[in-house]
Amino acid sequence: MSSKTSASAKAPHAKSPAVVPRHVAVVMDGNGRWATRRLLPRSAGHKFGADALKRLVRGCVQQGVAHLTVFAFSSENWNRPEQEVTALMQLFVQALQKDTGDLAAQGVSLRFIGDRAPLHSEMQELMRHAETFPVQQPRLRLNVALNYGGRWDIVQAARALQAEGGDWTEANLARHLCLADIPEPDLLIRTGGEHRISNFLLWQLAYTELYFTNTLWPDFTEESLADAIADYSRRERRFGRVAGAKAAGGLRVA
Ligand code: FPP
């Protein structure tokens, strides 16, 4: 476990670190505090947070990360004030309408994970459109967790396994989880100073390296990502084994 304050020398983001995680997961926390400190409504923090997400995507493409999963809206976020939930949904709709083409041009394909049933039908249609938008040269798969909860994911996988009538093994359950077709996250980044998983990818994070930073999400830059990856590349990943299996989940590029 580490934080930006404890991370050692800063790596300039133009320089590739030794080991690039294949899959990075991010809890984008701190939008509300960022806005409140500026005497702005919380929704303004989410708007600037959307810009930070664009920087993160650019950074991942530059660094050669293959999969990025971000927590945009949790199953629990419905409990926020109605005005904030509405503003967030509007932001998602606007981003889907405006940014899908730009993402595809960068080689970024989109997928959504979470329970879509309670979402507005227009939004569900935009999500389907974004997921089928052609991407000529895929470089990064961006998974957006929307109305997602790690416990929900495990329950829906369990239901699918029960319906299939398969044996109750870890491997069989894992086949039905969201993101079953990609490697589990190598690195989880959480901004905003809290050291929690908050019902994100509970099953999939079992062996993920955790990186916490006090940076509030709207302030997160490509350089912040490079710092997190540099920190990750110094970790020794053992997956429950003994020492000697350095960063086995990552792609060694240097
Ligand atoms: C947590 O910060 C952030 C969220 C619940 C929303 C995340 C959404 C974005 C970054 C918007 C961009 C996403 C897309 C897909 C366009 P918080 O509000 O809990 O912050 P606080 O802890 O300071 O209150």
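Start by selecting L56, which touches V26, F220 and L225 when residues up to four places away in sequence are left out; touching, or contact, here means that the C-beta atoms, placed from the backbone, lie within 7 Å. The model is a predicted one, in which local features need pLDDT of at least 70 and side-chain atom pairs count only at pLDDT 80 or more, while totals for chains, interfaces and linings use all residues. Residue numbers run from 1 along each chain as its sequence is written.

A residue is buried if 20 or more other C-beta atoms lie within 10 Å of its own, exposed if 12 or fewer, and partly exposed in between, with C-beta atoms placed from the backbone. Of the 254 residues of the protein, 38% count as buried.

**The sheet**

Now display the strands as a cartoon and find the open sheet of six strands, which pair in parallel in the order β4-β5-β3-β2-β6-β7. Its edge strands, each pairing on one side only, are β4 (108–113) and β7 (209–212). Strands are DSSP runs of E with at least two residues and helices are runs of H or I with at least four, numbered from the N terminus, and two strands pair if DSSP finds at least two bridges between them. Within the sheet, select β2 (residues 23–27) and β6 (residues 187–190), which are joined in the parallel sense over four bridges; V24 has L187 as its bridge partner in β6.

**The ligand**

Move to the ligand, which has 18 residues around it, with G32, R33, G49, A50 and A95 coming nearest; a residue counts as near if its C-beta atom, placed from the backbone, lies within 6 Å. Colouring by helix shows that α1 (31–37), α2 (42–63) and α3 (82–105) each supply at least two residues of this shell, and that α2 gives the most, with four residues.

**Two loop residues**

Finally, select L39, in the loop between α1 and α2, which has a positive phi of about 60° although it is not a glycine. L39 is exposed, with 7 other C-beta atoms within 10 Å. N199, in the loop between β6 and β7, also has a positive phi of about 60° without being a glycine, but counts as partly exposed, with 16 C-beta neighbours inside 10 Å.

Key
Two residues are in contact if their C-beta atoms, placed from the backbone, lie within 7 Å.
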